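Dear colleague,

I am handing over the structure below, and the notes that follow it set out what was found in it. Please read them alongside the coordinates.

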Amino acid sequence: MYEPKSSIDSTKSELFDRLFDGLNAKFGDTSDIGNIIPWAECILLDGRPFSLEKHEYQRDMLSEKARRQVFLKGAQIGVTSIQMIRTLHGLISGRYPQGALYLFPSRGDVADFSRGRFTPLVNDNPEVAKFVSDTDAQGIKRIGGSMLYLRGARATSKAGGFKRSSTALKSVPADRLVLDERDEMANDMVDLARERLAHSEVKEEIHLSTPTIPDYGVDKLFRESDQRHWFIQCGKCGGEACLEIEFPACLEELSDGRVIRLCQRCRDNEIHPRDGRWEALYPANAKDMVGWRISQLNSLYVDPGEVLRLSLIH
């Protein structure tokens, strides 16, 4: 397990103390969850300090408070991680007194998340662990004064076919619902999960998934949202470009075989995802759904040449 230096420990403790000053014993103050960015940057995630460096697009995602959001994302972009941090932060600070519900495609996915992501996060962060109990239970965790429910969306079987309901979702109240890999879930199971927010004053609903087919799941929801895209500014001409919109023209293969992200305005300069900003194409739709589109084209850990080659294969 990663052992932070004493100076880091001191800074982390000060930030946690500052965050939780004023919270009552029942974590009932839901008027403001504080500044989540410095809190998140004190977290050890997957054995390393969480950082927005090289993930600049995550900053606004992490701080956004819109009730309904959809994430049209590529694999390994970090959206699941920032939603996990936001959920944990809200539970500890009392934003979600009725708890939070995470829905995954199957019970196997629940086990993987619980053992592979949640438990290591708690074990690596003593300042978080002191608010968490019942960590041995795979599908339910007590965090502060609320509960975190982890459930699978697979339908239960019955004689003569399948029953499109789930006892695992019944009697589970929640203020926040996160649908992880939404496109792999049946719509009626999603509807059942959304009913868990019926008596909430918060009603946060988060859909995230790698898109599958057009006009279904997250793609359909994104089309109905304000459609936020990451626009990168060229350091030479000042023009802006969205890699997802301009793919594959936004990539250029050099004589040495490397593929770079090329400015589409001057076509004379390599552009970098760190120099981007979010812009909504349909800002008026934000009142109903905030939508984020981000792919591996913006990941500094994925070779853009590999993305281009895979697109040509498929």
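In which helix is the place of Ile 245? The model, which is a predicted one, puts Ile 245 in helix α9, a run that covers residues 243–246. Ile 245 is partly exposed, its relative accessible area being 44%, and together with Leu 281 and Tyr 282 it forms a nonpolar patch on the surface, where the three residues have about 280 Å² of accessible area together.

As for the chain as a whole, 10 helices and 17 strands are present, and buried residues make up 50% of its 314 residues. Among the contacts with a separation of 6 or more, 69% are accounted for by residues 24 or more positions apart. The accessible surface of the chain comes to about 15,300 Å², and carbon and sulfur atoms hold 48% of that area.

Helix α4, residues 79–93, reaches 21 Å from its first C-alpha to its last, which is close to the 21 Å expected for its 15 residues at 1.5 Å a residue. Because 15 of the 15 residues of α4 are buried, this helix is largely enclosed by the rest of the structure, and it is followed by Gly 94, whose phi is positive, near 90°. Helix α5, residues 107–124, contains Thr 119, which is partly exposed with a relative accessible area of 24%; a polar atom of the Thr 119 side chain lies 2.8 Å from the backbone oxygen of Ser 114.

Turning to charged side chains, the structure holds 21 salt bridges. One of them joins Arg 68 and Glu 205, at 3.3 Å from N to O, and this pair links distant parts of the chain, with Arg 68 in strand β3 and Glu 205 in strand β11, 137 residues apart. Arg 68 is partly exposed at 26% relative accessible area, whereas Glu 205 is buried at 5%.

Another salt bridge brings Glu 240 together with Arg 277, the closest N and O atoms being 2.8 Å apart; here Glu 240 is in strand β13 and Arg 277 in strand β16, 37 residues apart. Glu 240 has a relative accessible area of 23% and is partly exposed, and Arg 277, at 36%, also counts as partly exposed. Finally, Glu 64, Asp 226 and Arg 228 are linked in a network of salt bridges.

With best regards

Notes: Residues are numbered from 1 along each chain as its sequence is written. This is a predicted model: local features need pLDDT of at least 70, side-chain atom pairs count only at pLDDT 80 or more; totals for chains, interfaces and linings use all residues. Side-chain values use heavy atoms; hydrogens and water are left out. Patches are made of residues with over 30% relative accessible area and no salt bridge: like charges are joined within 9 Å, nonpolar side chains (Val, Leu, Ile, Met, Phe, Trp, Tyr) within 5 Å. Accessible areas come from the Shrake-Rupley method with a 1.4 Å probe; for residues, only the protein chains shown count as cover. A salt bridge is a side-chain nitrogen of Lys or Arg within 4 Å of a carboxyl oxygen of Asp or Glu. Helices (H or I, at least four residues) and strands (E, at least two) are DSSP runs, numbered from the N terminus. Buried means under 20% relative accessible area, exposed over 50%, partly exposed in between (1.4 Å probe, protein chains only). Contact means heavy atoms within 4.5 Å. A polar contact is a pair of N or O atoms within 3.5 Å; within protein, one must be able to donate a hydrogen and the other to accept it, and residues adjacent in sequence count only if both atoms are side-chain atoms. The expected span of a helix is 1.5 Å times one less than its number of residues.
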